[in-house]
Amino acid sequence: MAEGDNRSTNLLAAETASLEEQLQGWGEVTLMADKVLRWERAWFPPAIMGVVSLVFLNIYYLDPSVLSGVSCFVMFLCLADYLVPILAPRIFGSNKWTTEQQQRFHEICSNLVKTRRRTVGWWKRLFTLKEEKPKMYFMTMIISLAAVAWVGQQVHNLLLTYLIGKSLRAQAHSGQ
């Protein structure tokens, strides 16, 4: 049993180290985003609400097609992926990287790896249910998807996305 725990811990450490290496150019931005999402200052929650509301108001005003919206979102991600590693050291000053910041960055990466593992585990359990109890899987999926389809039909897509985003943020904050 202890050997399995040790192997799991080593695997977690290796995945965390790999993620840290991949996100190295995003270190300062990751730490700042963590501070904002943990509401370290009193004005962070209203700022988050304002920015998210402004983004959704802009989407509502522009009313892009799905293809245009996805294209713009991916374009924004590509720009961020290119510019953040170049601009972050100039804005945040990478020579100020402390041991405390490195430890917090490690904790963030570890939490991201654990979240990914939980998601993959849930996905595997779903497919195990499909293999072991196909009727239960079928009924669960049909009822769940029908309920989601009904809610999607009753509530405007943009409002639903906005509410889901707000509830996820509130849930993430209360879970810390």
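A: **Aromatic pairs and cysteines**

Phe44 counts as buried, at 7% relative accessibility. Buried here means under 20% relative accessible area, exposed over 50%, and partly exposed in between, with a 1.4 Å probe and protein chains only. The model is predicted: local features need pLDDT of at least 70, side-chain atom pairs count only at pLDDT 80 or more, and totals for chains, interfaces and linings use all residues. Residues are numbered from 1 along each chain as its sequence is written, and side-chain values use heavy atoms, with hydrogens and water left out.

Rings of Phe, Tyr and Trp (its six-membered ring) pair if their centres lie within 6.5 Å; planes under 30 degrees apart are stacked, over 60 edge-to-face, and the rest tilted. By this rule there are 4 aromatic pairs. Trp43 and Phe44 form an edge-to-face pair, 4.5 Å centre to centre with 70° between the planes. Trp43 is exposed, with a relative accessible area of 53%.

The rings of Phe56 and Tyr162 are also edge-to-face, because their centres are 5.2 Å apart and their planes lie at 75°. Phe56 lies in helix 3 (residues 44-62) and Tyr162 in helix 7 (residues 157-174), so this pair ties together parts 106 residues apart in sequence. Helices are DSSP runs (H or I, at least four residues), numbered from the N terminus. Phe56 is buried, at 17% relative accessible area. Ring pairs also link Trp122, Trp123 and Phe127 into a cluster.

Now the cysteines. The structure holds 0 disulfides, a disulfide being a pair of cysteine sulfur atoms within 2.5 Å. Cys72 is in none; the nearest cysteine sulfur, that of Cys78, is 12 Å away. That is too far for a bond. Cys72 is partly exposed, with a relative accessible area of 46%.

Terms used: Helices (H or I, at least four residues) and strands (E, at least two) are DSSP runs, numbered from the N terminus.
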